[in-house]
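Dear colleague,

Please find below the structure that I am handing over to you, followed by an account of what was found in it.

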Amino acid sequence: MSVYNKYYKEQNYFGNPYPELIEYFNKMDRSLKVLDLGCGQGRDVLAIGNLGFSVLGVDVSEVGINQLNQVASRQELDVIGIVSDLDVFDQINQYDVVLMDSMFHFYKRDIKVETARLNRILKDIKVNGFVILIIQENQFRVNHLKNIIKDHQNEFNILEEIHLNYKEFNSEFYMIVIKKTNV
């Protein structure tokens with residue numbers, strides 16, 4: 001059972017999507033297939049689906065995925081959520097855009113596992129695929145994330161870096177958009 005199941009008993013636990021994220025997606029081609037890894041209750045998935053994208057949300061929380069699927073069905077969106085562990089999900093290369101919002105924290109106890117997880121995901125991204133990563137902003141986390149991208153065996157171009165002021169939680173976040181250029 002996912003630890004998040006107890007948090008997700010509260011609807012919209014993490015609040016609304018970042019306006020800047022939705023604005024970025026609003027400029028993208030609607031034919032792109034989107035994957036949200038660690039989607040929780042679907043705050044980003046549902047907003048992106050409402051823009052006209054086909055979106056798959058993946059999370060370990062059955063409660064969050066059930067809530068996402070109920071809303072998507074009610075709103076008749078091209079959105080589906082599935083329960084899966086990120087470490088076994090193996091369909092990343094089937095998507096044009098991979099979103100990971102607050103999936104990585106790079107705390108001392110987690111940094112090795114999270115770095116390996118992100119490297120595996122970056123390896124699996126298809127050529128010309130986009131990756132959108134959002135992390136809580138502090139200099140160490142941002143630098144570590146940029147170093148993972150820079151040092152990765154595949155080449156990525158940084159397309160956008162945006163600082164997000166998330167007023168609902170009185171916190172700063174950092175969003176980076178990268179595109180895989182080759183293998």
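For the helix pairs described here, an axis is a line fitted to C-alpha atoms over the stretch in contact, and angles run from 0 to 180 degrees between N-to-C directions. Please bear in mind that this is a predicted model.

I begin with helices α5 and α6. Helix α5 covers residues 111–124 and helix α6 covers residues 139–151; they pack at an angle of about 40 degrees, and their axes lie 10 Å apart. Because of this angle, α5 is oblique to α6. The two helices cross in a right-handed sense. On the α5 side, the residues that meet α6 are Ile111, Thr115, Leu118, Asn119 and Leu122, and their counterparts in α6 are Phe140, His144, Leu145, Ile148 and Ile149. Sorted by class, this contact of α5 with α6 comprises seven nonpolar and three polar residues, with no charged ones.

Val45, Leu46 and Asn50 supply the α3 side of the contact, while Leu68, Val71, Ala72 and Gln75 supply the α4 side. Five nonpolar residues and two polar residues make up the contact of α3 with α4, and no charged residue takes part.

Arg43 and Gly64 are separated by 21 residues in sequence, and their C-alpha atoms are 10.0 Å apart in space.

Finally, I turn to the strands. Strand β6, residues 155–166, and strand β7, residues 171–182, run antiparallel and are joined by 11 bridges. Among the paired residues, Glu161 has Ile176 in β7 as its bridge partner. The strands β6 and β7 form a hairpin, with four residues between them. Within the turn, Asn170 has a positive phi of about 45 degrees.

Yours sincerely

Methods: Residues numbered from 1 in each chain as written. Predicted model: local features only at pLDDT ≥ 70, side-chain atom pairs only at ≥ 80, totals over all residues. Heavy atoms only, no water. Contact = heavy atoms within 4.5 Å. Nonpolar A, V, L, I, M, F, W, Y, C, P; charged D, E, K, R; others polar. Pairing = 2+ DSSP bridges. Parallel < 35°, antiparallel > 145°, perpendicular 65-115°, else oblique. Left-handed = near helix turned anticlockwise from the far one by under 90°.
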